[in-house]
Amino acid sequence: MTTQPPNPTFSLLQIGQRIVCLVLDKSGSMATGNRLNRLNQAGQLFLLQTVELGSWVGMVTFDSAAHVQSELIQINSGSDRDTLAKRLPAAASGGTSICSGLRSAFTVIRKKYPTDGSEIVLLTDGEDNTISGCFNEVKQSGAIIHTVALGPSAAQELEELSKMTGGLQTYASDQVQNNGLIDAFGALSSGNGAVSQRSIQLESKGLTLQNSQWMNGTVIVDSTVGKDTLFLITWTTQPPQILLWDPSGQKQGGFVVDKNTKMAYLQIPGIAKVGTWKYSLQASSQTLTLTVTSRASNATLPPITVTSKTNKDTSKFPNSQGQCHSPD
């Protein structure tokens with residue numbers, strides 16, 4: 001070899017701001033089975049807690065056409081989160097055009113940023129045999145599409161949207177006690193941001209109660225978490241009795257109650273006390289769910305988390321079955 005090889009070149013890649021657009025189905029079928037209300041509950045959890053500070057978030061709803069509910073807003077405060085939460089859909093009607101929703105989301109994002117590397121959270125419960133018509137646009141956009149299929153009739157092509165873009169694919173049944181829709185939205189923390197900013201789920205539980213029964217339980221907060229700890233309770237008919245005690249036995253009050261969305265939440269100020277928190281919820285003839293999320297208490301000490309995986313993707317959409325094992 002008579003010539004020297006070229007000098008190596010190095011590129012330093014910096015993680016940019018998170019850019020997310022919610023694309024939410026508000027077609028007529030969302031009016032059945034309490035689906036629209038559950039979408040609002042899960043959407044509020046994502047906007048009020050899951051999405052990280054500094055992120056840019058927009059919102060599009062769709063039926064047979066797309067409707068921009070919010071251009072991209074940067075999350076810098078609680079008021080920014082509240083502004084977006086108020087844009088969640090309040091009524092359901094019309095057909096289902098998923099491609100219209102996706103194209104509108106691309107437009108919203110491109111007004112400020114390139115779509116390459118951005119994220120879209122797509123929720124739908126409907127059948128749409130025209131999804132493949134925008135597959136090429138999706139590939140060319142470079143966006144990551146996370147799909148949430150709600151109920152048994154959601155379009156099977158949703159899987160392909162997630163697979164071709166590297167997004168998450170989740171399924172939520174109509175069984176409210178499974179808490180599947182809230183869990184799906186709660187899992188959408190950024191995989192690239194600072195670990196200390198990620199929302200971590202500490203508890204997810206649902207139960208159908210009869211004759212003034214109680215749903216009792218405990219939540220353990222260890223020393224690695226506790227910042228921005230949120231207790232979220234949902235119901236299907238009327239507000240339950242809510243009792244919560246911190247590890248010292250002090251009863252907690254101040255739940256924000258939203259009777260329209262049928263949910264209540266309490267944000268623990270500062271760092272939640274380390275130890276066992278106890279809760280008791282009482283109701284009759286309805287289903288309750290409880291979700292507890294938190295963040296790392298120390299930016300330099302990441303919390304210990306466990307991620308489950310399936311050993312082989314042999315599930316049949318939307319009925320996911322598989323064997324789980326611990327990560328390597």
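The link of Cys99 and Cys134 is left-handed, with -80° about the S-S bond, in a predicted model for which local features need pLDDT of at least 70, side-chain atom pairs count only at pLDDT 80 or more, and totals for chains, interfaces and linings use all residues. Residues are numbered from 1 along each chain as its sequence is written, and side-chain values use heavy atoms, with hydrogens and water left out. The S to S distance between Cys99 and Cys134 is 2.1 Å, and a search of the whole structure finds one disulfide, defined as a pair of cysteine sulfur atoms within 2.5 Å. The pair links distant parts of the chain, 35 residues apart, with Cys99 in helix 3 and Cys134 in the loop between strand 4 and helix 4; helices (H or I, at least four residues) and strands (E, at least two) are DSSP runs numbered from the N terminus. Cys99 counts as buried at 4% relative accessibility, and Cys134 is likewise buried, with a relative accessible area of 1%, where buried means under 20% relative accessible area, exposed over 50% and partly exposed in between (1.4 Å probe, protein chains only).

Six strands form an open sheet of mixed pairing in the order 3-2-1-4-5-6, two strands being paired if DSSP finds at least two bridges between them. Strand 3 (66-74) and strand 6 (169-172) stand at the edges with a single partner strand each, so one side of each is left without a neighbour in the sheet. Neighbouring strands of this sheet are turned by 15° against each other on average, direction ignored. Strand 5 (residues 144-150) pairs with strand 6 in the parallel sense over four bridges, and Leu150 stands opposite Ala172 in strand 6. Helix 2 (residues 78-85) packs on the sheet, touching strand 2 and strand 3, and its direction makes about 175° with that of strand 3; axes are lines fitted to C-alpha atoms, for helices over the stretch in contact, and angles run from 0 to 180 degrees between N-to-C directions.

In helix 5 (residues 158-165), Leu158, Glu159, Leu161, Ser162 and Thr165 are buried. These residues cover an arc of only 165° around the axis, which puts them on the same side of helix 5, the arc being that of the directions from the helix axis to the C-beta atoms. Their cover includes helix 3 (98-110), strand 4, helix 4 (135-141), strand 5 and strand 6. Just after helix 5, Gly166 takes a positive phi of about 80°.

Methods:
Contact means heavy atoms within 4.5 Å.
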